[in-house]
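Subject: Structure handover

Hello,

Here is the structure for your files. My notes on it follow below.

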Amino acid sequence: MLDRELRPNDRTVDVAIRRIRRHFESHPETPNLITTIHGEGYRFIGEVEQESQ
């Protein structure tokens with residue numbers, strides 16, 4: 001994904017999640033689709049609807 005080495009304090013993923021939240025969440029400041037697991041990462045908790053064929 002990236003052409004550079006990630007460092008422990010790199011904020012690249014945090015910035016990407018913030019942008020995704022701004023696009024998909026009704027209220028990005030209180031997320032309902034992607035939650036933060038402190039010290040671990042992120043978890044998608046939204047419902048997934050299967051597309052009918």
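**Hairpin**

β1 and β2 form a hairpin with 3 residues between them, and glycine 39 in the turn has a positive phi of about 80 degrees. Strand β1 covers residues 34-37 and strand β2 covers residues 41-44; the two pair in the antiparallel sense over 4 bridges. Pairing here requires that DSSP finds at least two bridges between two strands. Isoleucine 37 stands opposite glycine 41 in β2, and threonine 35 has arginine 43 in β2 as its bridge partner.

This is a predicted model, in which local features need pLDDT of at least 70 and side-chain atom pairs count only at pLDDT 80 or more, while totals for chains, interfaces and linings use all residues. Residues are numbered from 1 along each chain as its sequence is written, and side-chain values use heavy atoms, with hydrogens and water left out.

**Overall layout**

The protein has 1 helix and 2 strands; these are DSSP runs numbered from the N terminus (helices: H or I, at least four residues; strands: E, at least two). From the N terminus on, the order is α-β-β. The radius of gyration is 14 Å, well over the 10 Å that the globule rule gives for 53 residues, so the protein is more spread out than a compact globule. That radius is taken over C-alpha atoms, and the rule is 2.2 Å times the number of residues to the power 0.38. Along the principal axes, the C-alpha atoms fill a box of roughly 40 × 30 × 20 Å.

**Burial and contacts**

Of the 53 residues, 9% count as buried (buried is under 20% relative accessible area, exposed over 50%, partly exposed in between, with a 1.4 Å probe and protein chains only). Among contacts (heavy atoms within 4.5 Å) between residues at least 6 apart in sequence, 8% join residues at least 24 apart.

**Serine 26**

Serine 26 lies in the loop between α1 (12-24) and β1. Its relative accessibility is 66%, so serine 26 counts as exposed. The C-alpha atoms of serine 26 and alanine 16 are separated by 17 Å, with the two residues 10 apart along the chain.

Regards
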